[in-house]
Amino acid sequence: MSSYDRAITVFSPDGHLFQVEYALEAVRKGTTAVGVKGKDVLILGVEKRTVAKLQDPRTVRKIVKLDEHICLAFAGLTADARVLINKARVECQSHRLTVEDAVSVEYVTRYIAGIQQKYTQSGGMRPFGISTLIVGFDTSGAPNLYQTDPSGTYSAWKANAIGKNSKTVREFLEKNYTEGDRDSSIKLTAKALMEVVESGSKNIEIAVITREDVTILSETEIEQLVTQIEEEKTAEDK
């Protein structure tokens, strides 16, 4: 095995690209991110790592805007994500200048997946160690949720999770997902994250994307939401 994982361009005899699989492993070690598509809303939720006491928490962002109507959450290596996010932002602005129209969600997803795939096929470079969840509204007003991974594959979802314990969260979403309104979609996202996040509201960040704007829920709002969910769970157990 070791002789086949030294170069990104070399397949193993059983058809594996080990460097890509190692990149997927880096994603599985990253903090959890969840995306949920509602009727006219999109929700991104991420698990935040606890920041050091003297660190400015505003400098640690797991949910970012690519354009006015498109947001991205990621799991994996933060430095890799920063490079990919900057490339995507430049492409979004370049598209506006060239065709005088905003990019569609699928276009920017395809662009990001294309870069990720390119880095699996050339010598002297390594794959990006991140998976992304990309959400936004198209010109028709329809909500879209896409996922990309280090191999350059992308796919559309109703709800999905990436990162650590993503399998547990995905199973929870499969059992409980319905295409709901704003409040029910936020609650579903929070419940999904609470399946795997130990310290509750302090380590959860949620963004609400509508056709008009992007809102990051405040710590107080998340705390109230988590308390409400815990009270409902206690009532059910009784």
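Predicted model: local features only at pLDDT ≥ 70, side-chain atom pairs only at ≥ 80, totals over all residues.
1. From α4, Val169, Phe172, Leu173 and Asn176 take part. Their partners in α5 are Leu188, Lys191 and Ala192. Sorted by class, this contact holds five nonpolar residues, one polar and one charged.

2. Now the geometry of that pair. Two packed helices are described by the angle between their axes and the distance between the axes. For α4 and α5 the angle is about 145 degrees, and the axes lie 9 Å apart. The crossing of α4 past α5 is right-handed.

3. Next, the sheet. Five strands form an open sheet in the order β8-β1-β2-β9-β10, and the pairing is antiparallel. The edges are β8 (159–162) and β10 (214–216), each of which pairs on one side only. On average, neighbouring strands are turned by 15 degrees against each other, direction ignored.

4. Helix α5 (residues 182–194) also packs on this sheet. It touches β1, β2 and β9 (204–209). The direction of α5 makes about 20 degrees with that of β2.

5. Look inside the sheet at β1 and β2. Strand β1 covers residues 33–37 and strand β2 covers residues 42–47. The two run antiparallel and are joined by five bridges. Gly35 stands opposite Leu44 in β2.

6. Which residues have the most contacts inside the largest nonpolar core? They are Val34, Val36, Ile43, Val169, Leu173, Ile204 and Ile206, in a core of 25 residues. The elements giving two or more residues to this core are β1, β8, α4 (166–176), α5, β9 and α6 (219–237). The most comes from α5, with five residues. Val169 and Leu173 also belong to the α4 side of the contact with α5.

7. Leaving aside residues up to four places away in sequence, Ile206 touches Ile43, Leu44, Gly45, Ile186, Ala190, Thr215, Ile216, Leu217, Ile222 and Leu225. Of these, Leu44 is the residue that Gly35 stands opposite.

8. Another core, of 19 residues, lies apart from the largest one. Its members include Val105, Ile115, Ile130 and Tyr146.

9. Last, helix α1 (residues 18–28). Which residues of α1 are buried? Phe18, Val20, Ala23 and Val27 are. An α-helix has 3.6 residues a turn, so residues three or four places apart point the same way. The cover over the buried residues of α1 includes β4 (70–76) and β5 (130–137).

Terms used
Residues numbered from 1 in each chain as written. Heavy atoms only, no water. Buried < 20%, exposed > 50% of the residue type's maximum accessible area, 1.4 Å probe, protein only. Helix = DSSP H or I, 4+ residues; strand = E, 2+ residues; numbered from the N terminus. Contact = heavy atoms within 4.5 Å. Pairing = 2+ DSSP bridges. Axes fitted to C-alpha atoms, helices over the stretch in contact; angles between N-to-C directions. Core = buried A, V, L, I, M, F, W, Y, C linked by side-chain atoms within 4.5 Å. Left-handed = near helix turned anticlockwise from the far one by under 90°. Nonpolar A, V, L, I, M, F, W, Y, C, P; charged D, E, K, R; others polar.
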